[in-house]
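This report covers one protein model, from its salt bridges to its core and surface. Please look at the sequence and structure first.

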Amino acid sequence: MQHQKPVDISVADFNEASKTLTGPYVLQQIMTEKVLAKKYKVTDKELNEAFDSTKSQFGDSFAQALAANGLTEKGFKESLRIQLLQEKALKDQGIKEEDVKKTL
């Protein structure tokens, strides 16, 4: 059996690749969070209730659903927090398109 040399991947290589692969989505998510978090708050209690509700809907397959989507519980909670912020903004209708464009 022939041993293969390990491949070195630098942090710079990883960061550069992530800009093209997921960069636009990540940037959009960060901007959405920053704009909404200025006006709305999601408490830990609200976040945990939404998380527990989703987790209970999936039951034993929750971990599999997270893995299938490339998420950890922490990553899912962060996405869920942004979703809750968006729901509050929609309910309030206080965030206008021009407010979002100002931050971009």
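Which side chains meet in a salt bridge at 3.0 Å, N to O? They are those of Lys 88 and Glu 46. A salt bridge here is a side-chain nitrogen of Lys or Arg within 4 Å of a carboxyl oxygen of Asp or Glu.

## Model and conventions

This is a predicted model, in which local features need pLDDT of at least 70 and side-chain atom pairs count only at pLDDT 80 or more, while totals for chains, interfaces and linings use all residues. Residues are numbered from 1 along each chain as its sequence is written, and side-chain values use heavy atoms, with hydrogens and water left out.

The mean pLDDT of the protein is 79, and 71% of the residues score at least 70. pLDDT is the predictor's confidence in each residue, from 0 to 100.

## Fold

The protein has six helices and zero strands. Helices (H or I, at least four residues) and strands (E, at least two) are DSSP runs, numbered from the N terminus. Along the sequence the pattern is α-α-α-α-α-α.

Contact means heavy atoms within 4.5 Å. Among contacts with a separation of 6 or more, 78% join residues 24 or more positions apart.

## Core

Of the 104 residues, 20% count as buried. Buried means under 20% relative accessible area, exposed over 50%, and partly exposed in between (1.4 Å probe, protein chains only).

A nonpolar core is a set of buried Ala, Val, Leu, Ile, Met, Phe, Trp, Tyr and Cys residues joined through side-chain atoms within 4.5 Å. The largest one has 13 residues, and Phe 76 and Leu 80 touch the most other members. Helices α3 (44–58), α4 (62–68) and α5 (73–92) each give two or more residues to this core. The largest share, five residues, comes from α5. Leaving out residues up to four places away in sequence, Phe 76 touches Phe 51, Thr 54, Phe 62, Leu 66 and Leu 71. Thr 54 lies in helix α3 and is buried, at 17% relative accessible area.

## Salt bridges

The structure holds five salt bridges. The side chains of Lys 88 and Glu 46 form one of them. This pair links distant parts of the chain: Lys 88 is in helix α5 and Glu 46 in helix α3, 42 residues apart. Lys 88 is partly exposed at 26%. Glu 46 is partly exposed at 30%.

Lys 39 and Asp 92 meet at 3.8 Å, N to O. Lys 39 lies in helix α2 and Asp 92 in helix α5, so this pair ties together parts 53 residues apart in sequence. Lys 55 and Glu 73 meet at 3.9 Å, N to O. Lys 55 lies in helix α3 and Glu 73 in helix α5, so the pair ties together parts 18 residues apart in sequence. A network of salt bridges links Glu 33, Glu 78 and Arg 81.

## Surface

The protein exposes about 8,600 Å², with carbon and sulfur atoms supplying 55% of it. Accessible areas come from the Shrake-Rupley method with a 1.4 Å probe; for residues, only the protein chains shown count as cover.

Tyr 25, Val 26 and Ile 30 make a nonpolar surface patch of about 270 Å². Patches are made of residues with over 30% relative accessible area and no salt bridge: like charges are joined within 9 Å, nonpolar side chains (Val, Leu, Ile, Met, Phe, Trp, Tyr) within 5 Å. Tyr 25 lies in helix α2, residues 23–39. Tyr 25 is exposed, at 52% relative accessible area.
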